[in-house]
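Here is a friendly walk through one structure. Have a look at the sequence and the model first, then read on.

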There are 2 protein chains.
Amino acid sequence: MDFSSFVTSLATSFVIFVVLMLLFVWLSRMPGNKVVYYPSRIIKGMDAWDGKRTRNPFAWIGEALKAKEEDVVAMAGVDTAVYLVFLSSALGILVLSGFLLLPLLLPLAATDKNVKLAKAEKNSNGTFSELDNLAMGNIRKQSPRLWGFLAAAYWVSFVTYYILWKAYKHVSQLRAAALSAPDPKPEQFTVLVRDIPPPSNGQTRKEQVDSYFRSLHPDTFYRSLIITDNKEVNKIWEELENYKKKLARAEVIYEGSKTSSNPEGTRPMNRTGFLGLIGKKVDTIDDCNNKIKELIPKLDAEQKKTVSEKQSSAALVFFNRKQAAISAGQTLHARLVDTWKVTEAPEPRQLLWLNLPITLYQRKIRSIVIYFFVFLMVVFYMIPIGFISAVTTLANLRKLLPFLKAIVDTPAIKTVLEAYLPQIALIVFLALLPAFLMFLSNKEGIPSQSHVVRATSGKYFYFIVFNVFIGVTIGGTLFSSLKTVEKDPNQIIPMLGRNLPPNAIFFLTFVALKFFVGFGLELSRVVPLVIYHIKRKYLCKTDDELRAAWAPGDLGFGTRVPNDVLILTVVLCYSVIAPLIIPFGVAYFGLGWLILRNQALKVYIPSYESYGRMWPHMHLRILAALFLFQLTMIGYFSVKEFYYTPVLVFLPIISLVFAYVCSNCFYRSFDVTPLEVVAQSVKEVPNMEPIFAAYVPPCLSYDKFDDADQYEDARSQMPSRAGSFA
Amino acid sequence: MDFSSFVTSLATSFVIFVVLMLLFVWLSRMPGNKVVYYPSRIIKGMDAWDGKRTRNPFAWIGEALKAKEEDVVAMAGVDTAVYLVFLSSALGILVLSGFLLLPLLLPLAATDKNVKLAKAEKNSNGTFSELDNLAMGNIRKQSPRLWGFLAAAYWVSFVTYYILWKAYKHVSQLRAAALSAPDPKPEQFTVLVRDIPPPSNGQTRKEQVDSYFRSLHPDTFYRSLIITDNKEVNKIWEELENYKKKLARAEVIYEGSKTSSNPEGTRPMNRTGFLGLIGKKVDTIDDCNNKIKELIPKLDAEQKKTVSEKQSSAALVFFNRKQAAISAGQTLHARLVDTWKVTEAPEPRQLLWLNLPITLYQRKIRSIVIYFFVFLMVVFYMIPIGFISAVTTLANLRKLLPFLKAIVDTPAIKTVLEAYLPQIALIVFLALLPAFLMFLSNKEGIPSQSHVVRATSGKYFYFIVFNVFIGVTIGGTLFSSLKTVEKDPNQIIPMLGRNLPPNAIFFLTFVALKFFVGFGLELSRVVPLVIYHIKRKYLCKTDDELRAAWAPGDLGFGTRVPNDVLILTVVLCYSVIAPLIIPFGVAYFGLGWLILRNQALKVYIPSYESYGRMWPHMHLRILAALFLFQLTMIGYFSVKEFYYTPVLVFLPIISLVFAYVCSNCFYRSFDVTPLEVVAQSVKEVPNMEPIFAAYVPPCLSYDKFDDADQYEDARSQMPSRAGSFA
């Protein structure tokens, strides 16, 4: 890519960004779009525009800048605030790095003449662009100017350590403040118990769990909730909910049909068969009412049966004091470590009920299998992609699916298909990947949604760093390179060093595209807007349906974080080689921070709250990016035949030590809740009933558990049952 | 070594063993030696011989066999019982292995003729002995008979897994039973708190700790004991104790001098200067009385000062319920993980008071430095040894220490010195090694004696396996071999495989020597007996001194366990290559088990009780031995050019998986106390005073803490102090 096409690409991206910004300013001022641009405020019962009708088009920038961290926590939770800390940390690292690197390295590079020399030698100018004069490539081999670049590598590293240390401290405080808030959080009174051994003869699970915890925590045990197998009851409940929705919709349609010309209206009808397309025609309202009447007693019976008969080997145990629950969650209960595994309970809304009864060994085996599979996918994903590309050539398609011949042979279609078929296959694969990784992570048997998101994010990070960054860098020669690496593993670092510089401009464009187009789309919400308006016009009938149409969803950390870390990795790795990338990185994280702050305050609603447990994960990924940068530096300096390259070897070692120290200092307080933190808030026993009810899934009703408990109590008062736990 | 010298060596060892056994039978029957052969029974107030005067000389064998495990636990504690389980597990592994290996492999080897062929080829018989006909060396290359040896390797591995799994389960039960005993154990009511942050202004450590724990554990906190800097007070206390002993001794001497001829007696005198050799002569009794009178108020003042002013950043915190202390010991207290580090308290008698105030970072750094140093020592210990040998040649000694010339030039002395000087240097080094390793482990900042012993045992294990086993095997070519390994790390396994077989007979002799002479000395206790009698005759005057002279000491797991594991490593590694070693191994562990059981029941008194925490350590070392065996097998099979050698690759993988599963299943219940276990015993609050007093070191008196506490209480009732913890 030469200089002019670089400028063209940059300009195009910028124009798209400006258009999207103007669209945002225009669209967000229309009252009908309020629900798309301010859903979070509307759901919280606040006025979208703070009462002001005529707003400065750029007021949102001021609002985003002025908002305090507490406001973000209040509007979008700790997790979102932590994500913004992550963005601002990345921004801080790049800004501080740029302060030294731009004034130091650009003049050093610009006044040398390696590129010119190389040009003269090769008598060509095909592979060198004007930008290369400002990069490390313009420094001659063994030049003493390389000391400046070496110092820059140290500066970037220490800036990163400093910012990360401060950020970890800050996030740790954020988390502690949120955890110590006095409002009773159900998860602080609850522990999750898994791998309960089979009950002794005659005991139900409920009796077994109650007697076990009552004997170990006689003063603080409140009650237990056995995890049940809800497949059946959930099916019935969903069917019922479906009919209820259908009924509401039918009633609205019926009301709507009562025009003046037809005061009776037309009762909506539907067919009972497949997708409402075949079968008998029935009156929808009557049909739904009948079905609901049928289903309610069925649900009731199934609920009773589930609660009493389908108890599994996991349970939630409630305590009437926070300290007791927090301590119990960290204490080894049973002598055999693979039984009675007690951990802190996740939030009710992120509890993955179906994963809870999976046993320890199955969880371990699943993890191993899934990680092995992901490893294969990360390393060899080019093989199935290549295979798909090969199969999806037109010639093959014609052979395999002969009925397509007529379409495929049209010349116009043929040209388009030939050009784009392999790319389309790749795009479809990449689009499905996050969902697939989320599915895999869920199958590991993880008990909470936030943990699944962290696991997904980790897997996705490996995938994109390996494939986008290393893949693009080493490029088409990946497989032949792998062979070299196999022969001599020490070759990987010099290889990275050699292959990075020629791709600098590609990545400059990549980062610019990401922030201009990506954040432009993010802020302008063009896609959700269009979807909302289509749904509103053609599909939604009831208020509930309308609300579902503009529900903003959450930030989707599973893919968002790895993508940001990828940008950071790219910018860090090029920061010393081609310092011009730093302003682009600053623009990415600066814009990102600003726009995401706006979105956090006004748009997204997090679907769970993990009190910043994502932070250690982000911290480690940033460090991994730094580590990769340091290895790259060692590689590139040795390509430059710099005599003092070994001085750089300390950097990766310092990074490892820093990671170890941070994890020793902070990690455990993210893994579990420190006792000190919960003990700061009120100490009275709160009303425990809502805490228990919060964990009852919607398909089971609270009173069923109450009934069962009373039944148990009556039984356990019989003399033969008393003291059944030895 | 040829066959006849092997038999000679074996016979010599056996004769020594028989002599030692006869000595034991004879000496242990003499009433004056009771205190050497039955000290444990005497200290526990039991009759040494169970009242029977005329005993069968081999009654001890029956008694050792008949004794139940509970008897061992009652007499010598859980740790000793666990050590016996370790011996019987090793025995079980070898017996079960032998059942298959001896009848299967010996005929396979005996009927082949590789050795004969090699002999014929080389036309010499120097390097082959008759025993080699019974070893794997006699199997020809690529022979299908190797399948038998391959099956044997699998059999040995699976026998080991089976026995280890059963043993882990058994030890876990032993530990749980001991921990759940209803007698109040001080350590079950106590937690150790380290890394307490600096107190806020005006607060003392004591106030800080009390308010912190009172607010986090309002119902169960009893009181705290701040670790103080006892150097000064301990010095005074030791001086005082010394004078008390001296006084008692002087009084006995004085009484003894009152004979009929001299009814007044002579008052013992001593000089006050260096070692009692120079200085003024004084009356010992008067002098001691004066010194004691002087020291008592000095001690009192120093005790007060220590308790109130020399408080450090560590403390013991006492709870009035077991469950509360056990839970607290496993719960993260502070948000910053490097402050308020709460762990279960070690037993009072094994608490290493001086290590407690060492901060987290210092502990980590010390560990790293010490492990790095030990690593260097293990790998390069031959360098200083070689250096010492070089320096201690006679020529050098004469040059360095010219005044020795006269002695050294005597021809007789010269010959002896020349022959033994390097060996003596090596022996001195090896004899000092365990104490040195113990010193290093202590310096890591470990809080309990049992943990120091485990750390020492680990270091010593690496040392002897690397140096004795691998050192002897690869022999003098170690350094040139290391160079080969550096060039191609994959060479280490084939190298082991090539070098093991020629050393089989050396190790056969080694094992035989160890059990005949080692256990003979152990049972006959010749060394302690001689020392005791010398002390009794010439040194001891008072009863206390006499009691100290026969005090039996404990088993010294720090060196005993690694030595046993070394034998097991040797026997396992040769079990398939030269199955004849198995009976020797069986004899070692069989005799060891029997004799150590006798010693446990009658001699040794453990100096601490860690409830079997040594077991995971032993388990892992046995597995390491098995792992080394499996690698050796892979190496030797590839030397034999066996086509199916890769079948063996599964074995080390299975071993790793087995280690992982075991540690997941059992380890945490050894690392911490499971709540279930302590909750089984009585639940009333016991008398807490003796529990607190158990932790007060002898140089400080209990009432000083009580006084200080009352003073604190009075202060803390002042309004300005109340609620100082936010």
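How many helices and strands does chain A have? Chain A has 29 helices and six strands, taken as DSSP runs (helices H or I, at least four residues; strands E, at least two) numbered from the N terminus. This is a predicted model, where local features need pLDDT of at least 70 and side-chain atom pairs count only at pLDDT 80 or more, while totals for chains, interfaces and linings use all residues. Residues are numbered from 1 along each chain as its sequence is written, chains are lettered from A and ligands numbered from 1 in the order written, and side-chain values use heavy atoms, without hydrogens and water.

Of the 726 residues of chain A, 50% count as buried, meaning under 20% relative accessible area with a 1.4 Å probe, protein chains only.

Now for a helix pair in chain B. Two packed helices are described by the angle and the distance between their axes.

| Item | Value |
|---|---|
| Helix H20 of chain B | residues 504-524 |
| Helix H24 of chain B | residues 581-602 |
| Axis distance, H20(B) to H24(B) | within 10 Å |
| Crossing angle, H20(B) and H24(B) | roughly 15° |

That makes H20(B) roughly parallel to H24(B), a label for angles under 35 degrees. Among the residues that meet here are B:Phe507 and B:Phe515 in H20(B), and B:Phe584 and B:Tyr588 in H24(B); contact means heavy atoms within 4.5 Å.

Technical notes:
Axes are lines fitted to C-alpha atoms, for helices over the stretch in contact, and angles run from 0 to 180 degrees between N-to-C directions. Angles under 35 degrees count as roughly parallel, over 145 as roughly antiparallel, 65 to 115 as roughly perpendicular and the rest as oblique.
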